[in-house]
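I opened my notebook to look up a few side chains and one backbone angle. The entries below are in the order I made them.

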Amino acid sequence: MEDKKTDLRVLKTRQALRNSFIDLIREKTFESITVNELCDKALIRRATFYKHYADKYDFVVEYIREQITQFHLELTEEHPDTTPAAYCTKMFLRFISFVEQEHIPLKAIENHLFSIIASIITEEIYSDILNYLESYAKEQAPVPVDTKILSSFYSGGIVRLATDWFMKPQTMNLDDYVAQFQNMAAIFEAGLAANHS
């Protein structure tokens, strides 16, 4: 019984910190946010924060990883038989949608931290796509190139194009932008299939 209470307390603490982080990042840059502010807004003690995280960077890394893991679970449950191209397109759209739905201003992380976060996101997407491709190759159809190379290609493309969408002047609407990514992924996948046959 005590374990369940402790688990519930931990879950509530982490959720409070996530909600507070999203609120704060809408108002100021990540570098200007302090652990004190985060704890005050979440109504938790600093000691509680440091029981779970080494620092605010550690907190952000875990937050990003949780979001990607959650999306992966949702995607595989809803679309278990999706193709690699369709899967990566959904990952791309999810990345953009997350930032837009949470109303996170990119200027809040537009400094050297952005490259760190982009690297974390790329690595997480890479791992997720690699797991997906290896499972796809076993259960549905062979993948005609090394799954690590293909995972690097897709994860790098997803992060770079999503970054361009936010950081550069937009010349098309989001639906068209996603369609361009989808077409590219489908063409690449068709080329791989042709080379394999």
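**Entry: the model.** I am working with a predicted model. I keep that in mind for every value below.

**Entry: aromatic pairs.** I note how such pairs are described: by the distance of the centres and the angle of the planes. With centres within 6.5 Å as the cut-off, I get eleven aromatic pairs. One of them joins phenylalanine 49 and tyrosine 50.

**Entry: buried or exposed?** I looked up both partners of that pair. Phenylalanine 49 is buried, at a relative accessible area of 0%. Tyrosine 50 is partly exposed, at 37%.

**Entry: a second partner.** Phenylalanine 49 also pairs with phenylalanine 59. Here the centres are 6.3 Å apart and the planes are at 45°, so I log the pair as tilted. Which helices does this pair link? Phenylalanine 49 sits in helix H3, residues 46-52. Phenylalanine 59 sits in helix H4, residues 56-78. Phenylalanine 59 has a relative accessibility of 2%, so I count phenylalanine 59 as buried.

**Entry: the cluster.** Which residues form one aromatic cluster? I list Phe21, Phe30, Phe49, Tyr50, Tyr53, Tyr57, Phe59 and Tyr63.

**Entry: a charge over a ring.** I turned to phenylalanine 30, a member of that cluster. The charged end of lysine 56 sits over the phenylalanine 30 ring. I read 4.7 Å from the charged end to the ring centre.

**Entry: glutamate 123.** I find glutamate 123 in helix H6, residues 112-139. Its relative accessibility is 43%, so I count glutamate 123 as partly exposed. How far from serine 155 does glutamate 123 lie in space? I get 7.7 Å, C-alpha to C-alpha. In sequence, the two are 32 residues apart.

**Entry: leucine 43.** Most residues other than glycine have a negative phi. Leucine 43 has a positive phi, near 60°. I place leucine 43 in the loop between helix H2 (35-42) and H3. Leucine 43 is exposed, with a relative accessible area of 77%.

Key: Residues numbered from 1 in each chain as written. Predicted model: local features only at pLDDT ≥ 70, side-chain atom pairs only at ≥ 80, totals over all residues. Heavy atoms only, no water. Phe/Tyr/Trp six-rings, centres within 6.5 Å; stacked < 30°, edge-to-face > 60°. Buried < 20%, exposed > 50% of the residue type's maximum accessible area, 1.4 Å probe, protein only. Helix = DSSP H or I, 4+ residues; strand = E, 2+ residues; numbered from the N terminus. Lys NZ or Arg CZ within 6 Å of the ring centre and 35° of its normal.
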